[in-house]
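Keep the 3D view open as you read.

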Amino acid sequence: MAATASAFDLDAAALAAAVRECGGEAFRARQVGEWLYARRAASWGGMSNIPKALRAALAERLLDLDGTLETLEVAGTGGGTRKVLSRLADGELAETVLIPARDRATVCVSSQVGCAMGCAFCASGKNGCARNLSAGEIAAQAARAAVLLGRRPDNVVFMGMGEPFANYDNALAAARRMNAPPPEGFGIGARRITFSTCGVVPGIERFAREGVQFELSVSLHAPTDAMRSALMPVNARWPLGVLIPAVRAYTEATGRIVTFEYTLVAGWNDAPEHARALLALVRGFPCRVNLIPLNPVPGFAGRAPDPARCEAFRALLERHGLNATLRRSKGRGVNASCGQLRRARAAGGAPARA
Ligand code: SAH
């Protein structure tokens, strides 16, 4: 029977049991864990201090470590941003983006294959959600990133395909796996692991009670219900009058700052009046705003405002005491925003290269 379990689903006890059942001595479990999380093994065969027979038995019992189909350099960004497409055991595709910077590396992971939320400007949701990713499939993306980067990623953001709070248990288990120290996890700091939600309020409420140090980002994109509902179906279910109090309660329960994502679309949500409405909406609790100029996607007619207009929007928020950053768009030429690469593949198109 083909293996279905991922090594990245196993905690220390479960990994020890797997090693034992494969005929390995007890101390081998720690060695295997170190290969998985600290020594960046790309394959079972590459674990050179593990006996061959044990490697073979583990390879038979657990999924391959290297399921990478292709990696694309994101040209023109100067930062070495790479987009990774991985084939999962059932043939589905998962996207991961690696964003190295001078002194740190960020990996953007997917939590689902596709997405059910249907935001108008997002490529991930165009064909709905095929399935949830398991915790191991999510954590494996960090492992793949570590192999390709040649170092452990410093930051993880759940900003690839999918809605992490629609796959809450697996996303949280994956974050715990990424946070645990080796040989049980990568040892990535909890405050360097960010969940991004389109506004699934029950998820925000649960996250507030979870007692974890992970970060929360909320994709807002519009300051009024009429505008937000026009592009984000989730707003009909949990409108701003429900979402914002839930976010405020999260900050009160955790003592943490929340980040709002706000994608700037020219002529739609980028005017000074929108900045003022946004200021009024998020007044009175600790938050910051991350402005993202729209990445063009097929099937959505919007475009990003010019850089001066983006900066003016940012400056207006700052002048009124709201901390706001403007994200430089990376990887436009290689379909690097959420869900675009898998979609290009599914359509039979060649992935674009910048
Ligand atoms: N479902 C989660 C996480 C995945 S998307 C969420 O909605 O937060 C990560 C971020 O990218 C979200 O803020 C999303 O709205 C944004 N995004 C999606 N498509 C985009 C595009 N074409 N241009 C700019 N930002 C986009």
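Predicted model: local features only at pLDDT ≥ 70, side-chain atom pairs only at ≥ 80, totals over all residues.

Residues are numbered from 1 along each chain as its sequence is written, and side-chain values use heavy atoms, with hydrogens and water left out.

**Around the ligand**

Which residues are the closest to the ligand? They are Gly162, Ser196, Ser219, His221 and Asn295, out of 19 that surround it (a residue is near if one of its heavy atoms lies within 4 Å). Strands β8 (193-197) and β10 (258-264) each give at least two residues to this shell; strands are DSSP runs of E with at least two residues, helices are runs of H or I with at least four, and both are numbered from the N terminus.

| Residue and its atom | Ligand atom | Distance |
|---|---|---|
| Glu163, polar side-chain atom | nitrogen | 3.2 Å |
| Cys198, polar backbone atom | oxygen | 3.5 Å |
| Thr263, side-chain N or O atom | nitrogen | 3.2 Å |

On its own the ligand exposes 530 Å², and the protein buries 95% of that (accessible areas come from the Shrake-Rupley method with a 1.4 Å probe).

**Helices that cross**

Now look at helix α1 (residues 12-21) and helix α2 (residues 27-37): their axes come within 9 Å and cross at roughly 115 degrees. Axes are lines fitted to C-alpha atoms over the stretch in contact, and angles run from 0 to 180 degrees between N-to-C directions. On the α1 side, Leu15, Ala16 and Val19 make the contact, meeting Arg28, Ala29, Val32, Gly33 and Leu36 of α2 (contact means heavy atoms within 4.5 Å). Those residues are six nonpolar, one polar and one charged.

Most residues other than glycine have a negative phi, and most peptide bonds are trans. Arg40 has a positive phi, near 55 degrees, and sits in the loop between α2 and α3. The peptide bond from Pro182 to Pro183 is cis, with omega near 10 degrees. You'll find Pro183 in the loop between α5 (168-179) and β8.

Terms used:
Polar contact = N/O pair within 3.5 Å; in protein donor to acceptor, adjacent residues only side chain to side chain. Nonpolar A, V, L, I, M, F, W, Y, C, P; charged D, E, K, R; others polar.
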